[in-house]
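Thank you for asking me to look through this structure with you. My notes follow as numbered points, and they are meant to be read with the structure open beside them.

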Amino acid sequence: MHLRRSERNTIEDLRDVMVALRTPETGCPWDIAQTFETIAPYTIEEAYEVADAIQRGDLVDLVDELGDLLLQVVYHARIAEERGAFTFDDVVTSVTTKMIRRHPHVFGDEETRAAGAQPGFWERIKSEERAEKAARRAQQTSLPDSPADRPAAPNTTSEGAVASGVLADIPVALPGLTRAIKLQNKAARVGFDWPDIAPVFAKMKEELNELEDAVAADNPDAREAEIGDLLFVIANVARHLKVDPEAAIRRTNQKFITRFQRIEAILAGDGRTPQQSDLAEMDRLWDQAKAEERTARRRS
């Protein structure tokens, strides 16, 4: 396949690239071997890299990372097209239709636009979409050349039936803290929520005590369960404070990297590495790095 090389490519050019990569005999062996399942981790990773570029305010990186994320959509759509399931155009149609349907106050008739966004309309529309999707699933046969023993999709039972209820449409594959927030928000909409943050703090202290008990009892299974409970309630604290816990932990991760790199730099000035230091010295250098940060903030 001859591909056009240009400084200004289109989405069709990108789709042609993917077709070429996936073409048997002439394509790339690695790309040909990929499936929905093997590409999914890259899709998640690229979404995180987009978020990271935004957090860093790096618009040069953001262009590249958005391109990488777009490639994931093209990749999955091409695999589906090869299996006779759906095409990239179907993906575009699906999301366009969804956005128009979910914004009747923007795209509806004159009367609907004049009425504006009515209370509860978002959940009503999403409920209608879930019902339509369930109907389509009921009519869907298994994908050509898909494994017969493919595991049930997220949010389905072991028999493959779509999970129902208030929490049904929260994707299993979301990062844990993000999913916790979404589950809590859904439950809150039907009244299952504390009225303010005070009892949430009390619950956090309770879970911390239970974790300490599990550690004292030397029970590995209980330790994991209590760590999960503590993380879940911390996510709830973040939700009540309107803080994104994933953004908060990314920020703290970067702060840890910056401070530890400062420890390494100070030690390197003495011709040493962290392995040639000890906890007491590195803890002192950590405090020094924190003090330097505070000084720098005051000067800025």
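1. Which residues does T43 touch, not counting residues up to four places away in sequence? The model is a predicted one, and in it T43 touches L69, Q72 and H76 once those sequence neighbours are set aside. T43 itself is found in helix α3, which covers residues 36–56, and with a relative accessible area of 22% it is partly exposed; the value lies just on that side of the cut-off, because buried means under 20%.

2. Q72 has its place in helix α4, residues 59–82, and it is buried, with a relative accessible area of 6%, whereas T43 is partly exposed. Leaving aside neighbours within four places in sequence, Q72 is in contact with I39, Y42, T43 and E46.

3. Of its 300 residues, 22% are buried. Among the contacts with a separation of 6 or more, 50% are between residues 24 or more positions apart.

4. The structure holds three aromatic pairs. One of them is formed by W30 and Y42, and this pair is edge-to-face, with 6.0 Å from centre to centre and 80° between the planes. The pair links distant parts of the chain, since W30 is in helix α2 (residues 29–33) and Y42 in helix α3, 12 residues apart. W30 counts as partly exposed at 44% relative accessibility, and Y42 is also partly exposed, with a relative accessible area of 37%. Y42 has been named above as well, among the residues in contact with Q72.

5. What is the geometry of the pair formed by the rings of F256 and W286? Their centres are 5.4 Å apart and their planes are at 50°, so the pair is tilted. Because F256 lies in helix α12 (residues 245–269) and W286 in helix α13 (residues 279–299), the pair ties together parts that are 30 residues apart in sequence. F256 is partly exposed, its relative accessible area being 48%.

6. F260 has its place in helix α12 and is partly exposed, with a relative accessible area of 29%. Not counting residues up to four places away in sequence, F260 touches P274 and W286. The C-alpha atoms of F260 and W286 are separated by 7.1 Å, while the two residues are 26 residues apart along the chain.

7. Turning to helix packing, two packed helices are described by the angle between their axes and the distance between the axes. Helix α9 (residues 176–189) and helix α11 (residues 220–240) pack at an angle of about 65°, with axes 9 Å apart, and their crossing is right-handed. On the α9 side the residues are L177, A180, I181, Q184, N185 and A188, and these meet L231, F232, A235, N236 and R239 in α11. By class, this contact has seven nonpolar, three polar and one charged residues.

8. D218, in the loop between α10 (198–216) and α11, has a phi near 55°, which is a positive value in a residue other than glycine. K242 is found in the loop between α11 and α12, and it has a positive phi of about 60° although it is not a glycine.

Key. Residues numbered from 1 in each chain as written. Predicted model: local features only at pLDDT ≥ 70, side-chain atom pairs only at ≥ 80, totals over all residues. Heavy atoms only, no water. Helix = DSSP H or I, 4+ residues; strand = E, 2+ residues; numbered from the N terminus. Buried < 20%, exposed > 50% of the residue type's maximum accessible area, 1.4 Å probe, protein only. Contact = heavy atoms within 4.5 Å. Axes fitted to C-alpha atoms, helices over the stretch in contact; angles between N-to-C directions. Left-handed = near helix turned anticlockwise from the far one by under 90°. Nonpolar A, V, L, I, M, F, W, Y, C, P; charged D, E, K, R; others polar. Phe/Tyr/Trp six-rings, centres within 6.5 Å; stacked < 30°, edge-to-face > 60°.
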